[in-house]
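Dear colleague,

Please find below the structure that I am handing over to you. My findings follow it.

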Amino acid sequence: MNAIAHALPTTATHGALSIRGLSKSYALKGKPMQVLKDIELNIQPGEFVSIVGASGCGKSTLLRLIVGLDQAYQGQILLDQQPVHGPGLERGIVFQDHRLFPWMTLQQNIALALKNHTMPATHKDRLVAEHIALVGLSGYEQAYPHQLSGGMAQRAAIARALVNKPKVLLLDEPLGALDALTRVRLQQELQRIWVQERCTVIMVTHDIEEALYLGDRVIVMDAHPGRIREDLRIDLPHPRERDSTVLQAYKQRLLGELVGH
Amino acid sequence: MNLKSLRGLVLPLLLLGAWEYASRQDAAGAYAFVPLAQVGAAWVEVLGSGELLVNLWASLLRTCTGLALGIVGGIGLGALMALSAPANRLIAPLFHALRQVPMLGWIPLIALCFGNGESAKLLIVSLAALYPMVLNTFESLRQVEGQHREAARVLMLSRAQQLRLILLPAALPGIAAGVLQALAFAWVTSVGSELFLSSGAGLGSLMMNAEAGARMEIIVVCVLCIGLCGYLMSWLCTLLSRRLLRWRPTR
Amino acid sequence: MRLLSLLSWLISPVALLALWALLANAGLFPANLLIPPLEVWHSFTDLLATGELQEHLTGSLSRLALGFVVGALAGLAFGTALALSKTVEAYCAPLFHTLRQIPSIALIPMFVLLFGVDETFKIVIVAKTAFFPVALATCEGVRAIPRSHFEVAAVYRLRWTTLVGLIALPAAVPAIVTGVRVALTRAWVVLVACELLAADSGMGQMIEMGRQMLRIDVVMVGVVITGVIGFTLDFGLRRVERRFTRWQSR
């Protein structure tokens, strides 16, 4: 696995996402509140993009717009040149809370994502088993979500999002609720899975180190209204060393910018 | 087995003693507080003659039929109200107005319209089971968390699939709690309706006949039976729902 | 717009009333079975004018008040004792939990034999009905006061009057108020049932007399008023409940 991948992947041909002039406002107590303003973003197929920013900068809202849960916005979201309308299976999402359905076993939860595919049942079973293995949960197929630890549940959620072979995988602070050690382990796992699957990934996080460690690009956002402040390209091959001096330098710089001294 | 764990028996035994003492005081006492031996004899009597079983069976059968009707109707009505706003607008005002009337208060009205036979009683029992089912189904469907709904949308499930795979299972714990309530209501109402419409078989009718004949011992037997059956049924129901809801974390 | 949405809730009740009036006046059913709504209203005003209704109402409500106060106070005291004392729990809990399985309605025939059909019987059964839910709720409410609250109080060296007044009571009261509400509505149901079976006055007796004399209009007036009272009791205590639970989330 260590041999794979340098810089941008050449294997991915789908999953180019472009966002043009995207603005979004809510009505808060009758007054309009602008959460996102003039977002311009072009993401190459197979790219891993991290988005960081202070709370309230609209980074999670941006993901909800891309996944199609919220369709009231100005501007355009194009996936492979096609405008995005509502949720679709070519975009998978993992939320901060795993959102597995507690009354289904792990296997049933993942199989649910394939519910509306017209493929033979044996094929579905194989896909499910493959993805359970991919996230390292073989042996837990029949477990209910409450029997899994937080990290395991989040792995299962990742498997559920990936089983449809989405062109774009959206991660909304996927590791935010986990303890520090589990988090580091899952970051490595995410990197391995991404190198293996090579889909476009957009990850929202509040952890600068995580953003730098995983992202080909790190987008820094500002709040009130939410807008892109900086688009940083991290030219380091994957898998990366956590304590690489390049990453450390970036980290110091971003921390300084975001915290303000 | 230590002595301390027997402390719970002291009070019941004292009460039984007082009861027996009262029964031996005078004729009036013996009339109201029948001697314990007589209660024991009554058990043997009503069990032996089959009277108890026939009446118990009648009450139980009506409870179960009414409960089944109430559950089916209640889930249907509750789901309709929860999923369709127009239906809720039309049904909710009537439902909430009608449900304010005490269950047994309906009996005279129902008896005037449907007579005092089995169908009137069954109607009352079904109604008693219907209320908690509608309320619980409605509430628990409404309270299905937004995050479950969102996850279902992202997975592109159809409306029917969302209802069958997400909304109903998510609401199931609330619905099961409703069944438990409905069972208690149905049982009380089944026996209660027999007190008022005491034609036909049933524990309530048996009690009313015993009251007319001043047979306190038979009433005591019936009360014990009613309490015991109610307890057993809700225990069974809890067991069943725990089995059905085994995906929930056990505390 | 708000008004319009409010009015839409009235569609079905008004439609039902109209249908009822239409069917009753069309004469499809015998007139003594399906009474037009207007006649029910006239019976109501008649009952009101003769003072009959007020008499029945006072009878029922005074019974309810007396029985309920006795039962609820006893429940409050017993529930607190059950929660605080291990001894009381050891001696009383098994009997308490056994007896509370027996529905009040099922006890009516027994209490009639024990206490006769007079006032005593009704008040005892109302008190019994009120006692168990209040005792149970009090016990659980008091037990649920978090121990950590007492530790905080100890750290700040609060006096025990402050402790009870500002910490123990507010923590336990919401559960108790809920218990009282449940007890009151149940007591009302059981009282009406008792009056239906054996009484010389009261709402239940009025309904029962109406039934025996085949006066459906009187029965309907009684049923509606019983419902209104039940609703008012429940609604009033829900307001109280909300006042005491304002600090809780949701």
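A residue is called buried here if 20 or more other C-beta atoms lie within 10 Å of its own, exposed if 12 or fewer do, and partly exposed in between, with C-beta atoms placed from the backbone. On that basis, 37% of the 250 residues of chain C are buried, and 39% of the 251 residues of chain B.

This is a predicted model, in which local features need pLDDT of at least 70 and side-chain atom pairs count only at pLDDT 80 or more, while totals for chains, interfaces and linings use all residues. Residues are numbered from 1 along each chain as its sequence is written, and chains are lettered from A and ligands numbered from 1 in the order in which they are written.

Chains B and C

Helices and strands are DSSP runs numbered from the N terminus (helices H or I, at least four residues; strands E, at least two). Chain C has 11 helices and zero strands. Its radius of gyration, taken over C-alpha atoms, is 23 Å, well over the 18 Å that the globule rule (2.2 Å times the number of residues to the power 0.38) gives for 250 residues, so chain C is more spread out than a compact globule. The C-alpha trace of chain C spans about 75 × 60 × 30 Å along its principal axes.

Chain B likewise contains 11 helices and zero strands.

Helix α11 of chain B (residues 216–244) has 29 residues and reaches 42 Å from its first C-alpha to its last. That is close to the 42 Å expected at 1.5 Å a residue, the expected span being 1.5 Å times one less than the number of residues. Among the buried residues of α11(B) are B:I219, B:C222 and B:G230.

Contacts between chains

Two residues are in contact if their C-beta atoms, placed from the backbone, lie within 7 Å.

Between chains A and B, 17 residues of chain A are in contact with 16 residues of chain B. The side of chain A that touches chain B has 11 nonpolar, three polar and three charged residues. Chains A and C do not touch, and their nearest C-alpha atoms are 17 Å apart.

The nonpolar core

A nonpolar core is a set of buried Ala, Val, Leu, Ile, Met, Phe, Trp, Tyr and Cys residues joined through C-beta atoms within 7 Å. The largest one has 197 residues, and those with the most contacts inside it include A:A156, B:I219 and C:A187. Its largest share, 17 residues, comes from α9(C). Leaving aside residues up to four places away in sequence, C:A187 touches C:L64, C:G67, C:F68, C:V126, C:T129 and C:A130.

With kind regards

Conventions:
Ala, Val, Leu, Ile, Met, Phe, Trp, Tyr, Cys and Pro count as nonpolar, Asp, Glu, Lys and Arg as charged, and the others, Gly among them, as polar.
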